[in-house]
Amino acid sequence: MSYVSEVLQGLEVKFASQPEFLQAVREVLTSLAPVIEANEEKYRKAALLERLTEPDRQILFRVPWVDDNGQVHVNTGYRVQFNNAIGPYKGGLRLHPSVNLGIIKFLGFEQIFKNSLTGLPIGGGKGGSDFDPKGRSDNEIMNFCQSFMNELYKYIGPDRDVPAGDIGVGAREIGYLFGQYKKLSGDYCGVLTGKGLTYGGSLVRTQATGYGLLYLTQEMLKTNGHDLAGKTVAISGSGNVAIYAAEKAVQLGAKVVTMSDSTGWVYDAEGIDLDAVKEIKEVKRGRLAEYKNYRPNAEYHTEGRVWSVKCDVALPCATQNELHLEDAQALVANGCIAVAEGANMPTTIEATEYLQASGVLFAPGKAANAGGVATSALEMSQNSERLSWTFEEVDAKLKDIMVNIFRKLDDAARRYGMEGNYVAGANIAGFEKVAEATLAQGI
Ligand code: NDP
């Protein structure tokens, strides 16, 4: 049995209750097969794959907090410090009722290779809680964040582990978390990224994942003889990634016709009114159903998904496993030429394989959404230097990083005779650096 199959089989038995983690590992290891086979004896002896798939440590803790009526609630907090071969652990915190250890492990595992692809010195980690922020007051959010940090602060630090935002964690939550860290440790340092601009945040961090997604998509299209200008784009989600992906898509001359949230989706044939979406989601923290109040001609659906709409480019930007095989079939039937993942693992393995087999250009999340963490690393650099770079400086660096990431994918895929397979390219390019650093540092 090949080394990859042997490791996968072992993990499938041991972590049967963590399907998302197994899905992520299977996807990465399968596409790494040519690289592993070329070094099979060396890697097997060093148990390299076992070491890469077992986190350095997994921290679970109780998060008790009090709601506005005086009721006490208890949630579970997680921080998985997966791999620090190439730098301090770096990865977001997710607050969503679906969070469990398997989901945090899948995200942390992906983060290792994503961070490696950025070319910056950051390792992989992820954390969060099954706390549901929906409908909670600012005071309740603050209570939760403070309690979460009461435990987390023991394990993080600017040279150890630097968390950031993810689903349910934006500037407001990072502010409360940072305030509590400072109070507990007495240190004013770059221990979190995604901070507000008045206290160490970086310009462009808010926009970075969405903008970066479009910079990479544009490069992928250009390399394959297409131009983003004039294209119709379908986007899912209406959170941080989706909103700034839509903003950059429009700046680059495309038309965005869909957005969604967890209760429904809108189709606006004239092009999404982004100011309306920002007001609904960023200011009012409301539901996308309200979009029709701003644009009566738009359609609002509670059934189905955005992928049924005719588009040239599809950008899934909501959550994992939100683009299934039947969605991929609909996209291909409607003439879609490119899919780039803004979210982490939004496309199922079957859907990814179908899109690739149908000739659709496919950019995996670990490359396409790396702009967020890359800009977080730029925030860490500015914090260490006690400097703030201008919007234009950070944006130019982000663009350079995304173009370079695409070059790395393209090059790695070609080196292994898989031209145009950017999934394999991303996994191989991300893996090579981490594997070398891990082996160099001994057992
Ligand atoms: P937000 O919380 O800002 O937005 C998430 C969006 O997706 C919301 O519109 C939300 O709807 C929707 N959504 C969340 N969960 C579900 C679900 N189970 N079913 C349907 N819709 C859902 O998160 P982000 O934009 O920050 O993150 C989106 C994705 O991008 C995630 O996969 C995240 O891991 C990934 N990512 C984020 C980065 C960042 O910098 N923020 C960096 C790299 C990746 P609703 O409003 O109803 O909750």
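Predicted model: local features only at pLDDT ≥ 70, side-chain atom pairs only at ≥ 80, totals over all residues.
Residues are numbered from 1 along each chain as its sequence is written, and side-chain values use heavy atoms, with hydrogens and water left out.

The chain contains 17 helices and 12 strands, these being DSSP runs (helices H or I, at least four residues; strands E, at least two) numbered from the N terminus. For 443 residues a compact globule would have a radius of gyration near 22 Å, and the chain agrees with this at 21 Å; the radius is taken over C-alpha atoms, and the globule rule is 2.2 Å times the number of residues to the power 0.38. Along its principal axes, the C-alpha trace spans about 65 × 55 × 45 Å. Of the 443 residues, 56% are buried, a term that means under 20% relative accessible area with a 1.4 Å probe, protein chains only.

Glu20 lies in helix H2, which covers residues 19–38. Glu20 is buried yet has no salt bridge, and the nearest side chain of opposite charge, Arg94, is 8.5 Å away; a salt bridge is a side-chain nitrogen of Lys or Arg within 4 Å of a carboxyl oxygen of Asp or Glu, and Lys and Arg count as positive, Asp and Glu as negative, while His and the chain ends are not counted. When neighbours within four places in sequence are left aside, Glu20 is in contact (heavy atoms within 4.5 Å) with Ile103, Phe106 and Met345.

Key:
Buried < 20%, exposed > 50% of the residue type's maximum accessible area, 1.4 Å probe, protein only.
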